[in-house]
Amino acid sequence: MKKRIGYGSFEVNDVPTLKKCIKQAVLSGYDFVDTAYYYQNEEAIGKAIKELREEGFDKPILVQTKIWPEHYGNVRDAVLLSCQKLQTNKLDMCLLHRRHFNLNMDLSAWEQLIECQKEGLVGEIGVSNFDRDALEIMRQRTGVYPLSNQIELSVNNLREDRVVYNHSKGIEVQAWSPLGDLENNLKNPVLIEMAKKYNTDVAGVLIAYVGSLNCSIIVKTSNPDRVVSNYKAFQIILEESDVEKLKKLNTYKIKYSESFIYDIDN
């Protein structure tokens, strides 16, 4: 299974910054740009890409976006809305962002997303923050597993059972918030010493760790220089003994509650 790196755009909303970071990400070797309806920056990303094209930047720029649960009642309209904001006729990759309170809505949304793919409106289809039970029911209903599942994953919160399960079904694991509890990680002596060993910084070790688990990664920044260093860190291969050492730092400390509260009509 090929592991990939996506430029995370959460909380990056201004066009000039997005232009610099997206361009640097593509030049560095990133596989795609990650966004979502919920991030409220699809339109800014669309403008940034358009301006890059007008300035002569002709390298492929793939974009992955996500549909918020309030739109699970009409996924096709949500896809078309994202296409409009991103100024494209087809989404390269599209995920269902979170579990709905109603499983039937999840199942319906997945069926609709499959139809959007058949129609040619979407390339790759997947999910984000979905658990094993939901994925199995979705597979039973449609015969289709998601290509990818984007979940919170870091040295502080390694749900290894989820990684093993998804990989066993051929589902790519995309790690969001891969730096975990960065404030405390920056002071962790184990991480500091390992950073010296691999000639990187603590953030680099945290990124390399996720890559060493054969997981893809979504890493955000508004600093073009950091875009480059994050990519280089993802190429670092940690020794197996160091991976096992880092696994011992896991405390299942989550960054955002899995019981996420949001306004919804359905």
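How many bridges join β1 to strand β8, and do they run parallel or antiparallel? I looked this up first. Four bridges join β1 to β8 (residues 216-220), and the two run parallel.

**Ground rules.** I am working on a predicted model, where local features need pLDDT of at least 70, side-chain atom pairs count only at pLDDT 80 or more, and totals for chains, interfaces and linings use all residues. Residues are numbered from 1 along each chain as its sequence is written, and side-chain values use heavy atoms, with hydrogens and water left out.

Entry: I noted my terms. Helices (H or I, at least four residues) and strands (E, at least two) are DSSP runs, numbered from the N terminus. Two strands pair if DSSP finds at least two bridges between them. Right-handed means that, with the strands pointing away from the viewer, the path from the first strand over the helix to the second runs clockwise.

Next I asked about cover. Buried means under 20% relative accessible area, exposed over 50%, partly exposed in between (1.4 Å probe, protein chains only). In a regular strand the side chains alternate between the two faces of the sheet. β1 spans residues 5-8, and both its faces are covered. Ile5 and Tyr7 are buried on one side, Gly6 and Gly8 on the other.

**Entry: strand β4.** I moved to residues 91-96. Five of the six residues of β4 are buried. β3 pairs with β4 in the parallel sense over four bridges. Lys66 stands opposite Leu95 in that pairing. From β3 the chain crosses through α3 to β4, again as a right-handed β-α-β crossover. β4 also pairs with β5 (residues 122-128), parallel, over five bridges. Here Leu96 stands opposite Val127. β4, α4 and β5 make a right-handed β-α-β unit.

**Entry: Asp106.** I found Asp106 in helix α4 (residues 103-119). Is Asp106 buried or exposed? Asp106 is buried, at a relative accessible area of 0%. I listed its contacts (heavy atoms within 4.5 Å). Leaving aside neighbours within four places in sequence, they are Tyr72, Leu96, Arg98, Arg99, His100 and Phe130.

**Entry: cysteines.** I looked for disulfides, meaning pairs of cysteine sulfur atoms within 2.5 Å. The structure holds zero. Cys94 is buried at 0% relative accessibility.

Entry: On a 1 Å grid over the protein atoms alone, a cavity is a set of points where a 1.4 Å probe fits but cannot get out; a pocket is an open set with protein on both sides within 12 Å along at least five of seven lines; lining residues have an atom within 4 Å of a point. Grid points are joined across faces, edges and corners, and a volume is the space filled by probe spheres set on the points. I found one cavity of 30 Å³ or more. The largest cavity holds about 40 Å³. Its lining includes Tyr37, Lys66 and Trp68. α3 supplies the largest share of that lining, three residues. The largest pocket holds about 640 Å³. Of its 31 lining residues, Phe10, Trp176, Ser177, Lys255 and Tyr256 are the closest to its centre. β8 gives the most to this lining, with three residues.
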